[in-house]
Amino acid sequence: ISLNMNLDYLAKTGAARRAEELLLRIEKLYEEGYYAAKPDNVSYNSVMYAYAYNKNKDKSIDATKEVLRLFKRMQELSKTDKNVLPNVITLNIVIRCFAKSGDVYNAKKLLDNMEYHYQNGSKHMSPNTV
């Protein structure tokens, strides 16, 4: 929990790259057998949030590219670890990036996908308002 709090703090202060560095350290600790440091969807969502909102206005950051990279990593990891399963918060961050970059097509496509999965039993995918 405290590691996620640190990630959240870094994210909300605009330190996207630092947040991702911490996420990578958490992953490494877990891989080395320190199982209390297991990253989950909250961990990834915090880093994605940091990139999406880019509060430091770092022009070298392509928010959509970074968020999609982390989203794909979550999807891959969630095949074997349900704690990393993307949730409605994850998808809201991705939709925000698409919309902010003017990619209305992919934003709508992802929203439609959320609605489809929700209608077919994935209650954790309930679309909401942001």
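**Close-up views of a predicted model**

Y30 counts as partly exposed, because its relative accessibility is 27% (buried means under 20% relative accessible area, exposed over 50%, partly exposed in between, with a 1.4 Å probe and protein chains only). This is a predicted model, in which local features need pLDDT of at least 70, side-chain atom pairs count only at pLDDT 80 or more, and totals for chains, interfaces and linings use all residues. Residues are numbered from 1 along each chain as its sequence is written, and side-chain values use heavy atoms, leaving out hydrogens and water.

**View 1. Y30 meets Y35 in an aromatic pair.** Searching the whole structure turns up two aromatic pairs. In the pair of Y30 and Y35, the ring centres are 5.3 Å apart and the planes stand at 75°, so the pair is edge-to-face. (Rings of Phe, Tyr and Trp, the last by its six-membered ring, pair if their centres lie within 6.5 Å; planes under 30 degrees apart count as stacked, over 60 as edge-to-face and the rest as tilted.) Y35 has a relative accessible area of 59%, so Y35 is exposed.

**View 2. A charge sits over the ring of Y49.** Here the charged end of K12 is 5.9 Å from the ring centre of Y49. (A charge sits over a ring if NZ of Lys or CZ of Arg is within 6 Å of the ring centre and within 35 degrees of the ring normal.) Turn next to Y53, where R96 lies over the face of the ring, 3.9 Å from its centre.

**View 3. Helix α5 covers residues 88-100.** (Helices, H or I with at least four residues, and strands, E with at least two, are DSSP runs numbered from the N terminus.) Buried residues of α5 include L91, I95 and F98. Their cover includes α3 (41-53), α4 (63-77) and α6 (104-119), with contact meaning heavy atoms within 4.5 Å. At the start of α5, a side-chain oxygen of N87 comes within 3.1 Å of the backbone nitrogen of I89. Just after α5, G102 has a positive phi of about 85°.

**View 4. D81 lies in the loop between α4 and α5.** With 16% relative accessibility, D81 counts as buried. Its side chain makes a polar contact with the side chain of K38 at 3.4 Å. (A polar contact is a pair of N or O atoms within 3.5 Å; within protein, one must be able to donate a hydrogen and the other to accept it, and residues adjacent in sequence count only if both atoms are side-chain atoms.) A polar atom of the D81 side chain also lies 2.9 Å from the backbone nitrogen of N83.

Notes. The expected span of a helix is 1.5 Å times one less than its number of residues.
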